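I opened a notebook page for a structure I had not looked at before.

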Amino acid sequence: MKLLVPLAALAILVSGGTALAAPLDQKSLAPAWISASQAEKDAWIAAFKFENANADRAGIAQCLDKMAKWEALATNKLSGITSMCETVVAKGGT
C-alpha cells in the first residue's frame, strides 16, 4: 500500500509530461507554434530579433498561426518561419 501512492504519482507525471510542450526556442520546429500556449507565443514574438524594429508583431503571429499548420513546413525551424512571416506581412500579405 505504501508503494501505491508513489507509483500513482509517477504514472500521473509520466502521462502528464507528454502533454507539456517545451518552451519555444531557436531549435523549435514550426509545429511547436501550434501546441504552444498564448503566453509562450507572446514570449517568442517579444524575444524574436526582427529585421525591422517596427514589425507588425500581431500580423506576424497571425501568419505563424497559418503557416505552422502547413505540413510542408513541419520540418522548418520556427525562427525561419517567423522571418518569412515578417517579410510576408511587411509586403502586405498574410
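I took helices (H or I, at least four residues) and strands (E, at least two) as DSSP runs, numbered from the N terminus. With that in hand, I read the order of elements from the N terminus as α-α-α-α-α, that is, 5 helices and 0 strands.

I noted that this is a predicted model, in which local features need pLDDT of at least 70 and side-chain atom pairs count only at pLDDT 80 or more, while totals for chains, interfaces and linings use all residues. Residues are numbered from 1 along each chain as its sequence is written, and side-chain values use heavy atoms, with hydrogens and water left out.

I looked up burial next, where buried means under 20% relative accessible area, exposed over 50% and partly exposed in between (1.4 Å probe, protein chains only). Of the 94 residues, 27% count as buried.

Which residues of helix 4 are buried? I found Gly59, Ile60, Cys63, Leu64 and Met67 in this helix, which spans residues 57-67. They lie on the same side of helix 4, because they cover an arc of only 145° around the axis, taken from the directions from the helix axis to the C-beta atoms. Ala58 and Gln62, on the other side of helix 4, are exposed.

I then checked contacts (heavy atoms within 4.5 Å): the buried residues of helix 4 pack against helix 2 (31-35), helix 3 (38-47) and helix 5 (78-90). The residues that they meet in helix 5 include Leu78, Ile81 and Cys85.
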